[in-house]
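Dear colleague,

Please find below the structure that I am handing over to you. My notes on what was found in it follow directly after.

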Amino acid sequence: MIQTFAFYLFAILVIASGTLTILARNPVHSVLWLIVSFFNAAGLMVLVGAEFIAMLLVIVYVGAVAVLFLFVVMMLNIDFAELRAGFMKNFPLGIAIALVLLAELILGIGAYRAGALKLGTPDGTAAPMVGQSNIENIGALLYSEYLFLFETAGLILLVAMLGAIVLTHRERATAHRGHQNISKQVRRRPEDATVNTSPEVGKGVSL
Amino acid sequence: MTEFFQSLGLSYEAAWAFATISGILLIALPLMLAVAMIIYVDRKIWASMALRRGPNVVGPFGLLQSFADGLKVFLQETIIPSAANKGLFLIAPIVTFTVALLAWAVIPFGPEAVLANINVGLLYVLAISSLGVYGVVVAGWASNSKYPFFSAMRAAAQMISYEVSIGFILICVVLWAGTFNMNGIIEAQRGHGLGIVNGFVFNILLFPMWVMFLISSLAETARAPFDLTEAESELVAGYQTEYSSMSFALFWLGEYANVLLMCALNAILFFGGWLPPLNVDWLPGYYVPGWIWLFGKIFFFFFIFSWVKATVPRYRYDQLMRLGWKIFLPLSLFFVVLVSGYLMLTRYAA
């Protein structure tokens, strides 16, 4: 009873916030609706008993990815008139993408009607291990059965990260004005920077 | 607690609902009281370190100062800047406050006294604490004003940076405990040091992790010396600049609830949570209820937080980023390898 209620609550909220993500005029509102949608999707994951995936969804997507989205979008200087002006120019492209998505949807539903794809069977190799938590199950599978795929994914991410660093890194001369030499700053003592003088009254100090 | 309500003649569902609601109230209401008192304690500690008296007018020793302040902001007018994004401007403090309360659901106050004893307790805390940044960022953006906006930018970058190393530190603890469950982590610390002292902090490999976790939790809650999001000498009051009345008070309460949560995490992950410090059953401390030990440890860490606030000068922003990315991240990553290698050789040696 309460599960059904929770499912429909989360599902409706996911769909509603997903719709509002694309309908919102303001990009910042869009990102915030996207976050609501992620969050409710995590709720759905909890309902199917995948609490580990749910937590990862919140940590990775809501906690990190969406913050970076928001970070970038917040800095945009939004000109609503320009946004509307670009509508007609991008209209054909938008229609084309919508058609592709519609075709995929129809194909997907058609394929589902024709009989579901044979994934892991309950007694096959992908069977859940009884008496173990989610995390242990995923860990055991990831580091035995799918070790090479897992390592490959890690390698691809590493290459992507290196690529991003190489693309954005600029070599700066050390004499650059904004350069901070931390070890030099830490080594600096009060004696190096200050002098203790006792000038006569009315004489002042020459610097 | 469900059994108690069932014994009153309620059905299981109704008993569960009553037990959960009373559990939430049992955590949230004392927490709000604790936040009010801890603000007073913070001001007192800070004052005595600066050789001042601190609040001493309202009530005996000024004990009721926070309640007087609360009443004052409650009676003030909520001012919404005309250029602000009204909806988000009002939602932001609510988000901060709610998120600060949410994480307390998995904090164990005793062997049985935990609202949600879930398998992924620590991940839940990490997930919820990563949401804390939204209140600040949304507030800064919705204020439509320069200083709050700078503050929001700083907060977004700062909190993400330190969450990364906090994640690796927590992995070390989880590897040693062998579970993500909060009570499981506490149980794993029983007699950890030579069978006498409880707590991962007495482990040579985990002690550096605790030091880093303490510093990272200062940065994660944006407390001094990492309070760059509200650096008053540069940003007026940061993201709170445009806020007044109750919306300001919600930020204030949420911030201190977060600080208490981080203190509780320090106590639970490294100092044995509700376990007494010594695992010796003929000492009187062994029979003191667990929640008293936990509260004592939380208070001890809060004192450290106040102490740091009163004594350490604020970091520069580039120093903050350098500490997070160039020192804490490689070090914590190195310790993940070290800890898992050590456990592989000893505990899981085939």
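A salt bridge is taken here as a side-chain nitrogen of Lys or Arg within 4 Å of a carboxyl oxygen of Asp or Glu. By that criterion, the count between chain B and chain A is zero salt bridges.

Two remarks on conventions come before the rest. This is a predicted model, in which local features need pLDDT of at least 70 and side-chain atom pairs count only at pLDDT 80 or more, while totals for chains, interfaces and linings use all residues. Residues are numbered from 1 along each chain as its sequence is written, chains are lettered from A and ligands numbered from 1 in the order in which they are written, and side-chain values use heavy atoms, with hydrogens and water left out.

The interface

The size of an interface is often given as the accessible area lost when the parts come together. Chain B and chain A bury about 2300 Å² between them, 80% of it on carbon and sulfur atoms; buried area is the accessible area (1.4 Å probe) that two parts lose on being put together, summed over both. B:Y134, B:W141 and B:M153 supply 25% of the area that chain B buries against chain A, more than any other three residues.

In terms of contact (heavy atoms within 4.5 Å), 27 residues of chain B meet 26 residues of chain A. Four residue pairs, both members at pLDDT 80 or more, are in polar contact between chain B and chain A. A polar contact is a pair of N or O atoms within 3.5 Å; within protein, one must be able to donate a hydrogen and the other to accept it, and residues adjacent in sequence count only if both atoms are side-chain atoms.

On the side of chain B that touches chain A, the elements giving two or more residues are α5 (121-142), α6 (146-177) and α12 (317-346) of chain B. Of these, α5(B) gives the most, with eleven residues. Helices (H or I, at least four residues) and strands (E, at least two) are DSSP runs, numbered from the N terminus. By class, this side of chain B has 19 nonpolar, four polar and four charged residues. Ala, Val, Leu, Ile, Met, Phe, Trp, Tyr, Cys and Pro count as nonpolar, Asp, Glu, Lys and Arg as charged, and the others, Gly among them, as polar.

Chain A

Chain A has nine helices and zero strands. Of its 207 residues, 17% count as buried, where buried means under 20% relative accessible area, exposed over 50%, and partly exposed in between (1.4 Å probe, protein chains only). Chain A is divided into domain 1 (1-80) and domain 2 (130-169), with bounds that come from an automatic or database domain assignment. The C-alpha centres of these two domains of chain A lie 24 Å apart.

Individual residues of chain B

B:S332 is placed in helix α12 of chain B and counts as buried because its relative accessibility is 0%. Beyond its neighbours within four places in sequence, B:S332 is in contact with B:S165, B:F168, B:I169, B:M209 and B:M212.

B:I298, found in helix α11 (residues 290-311) of chain B, is likewise buried, at 7% relative accessibility. Not counting residues up to four places away in sequence, B:I298 touches B:L260, B:C263 and B:A264.

B:N144 lies in the loop between α5 and α6 of chain B, whereas B:S245 is in helix α10 (residues 245-270) of chain B.

With kind regards
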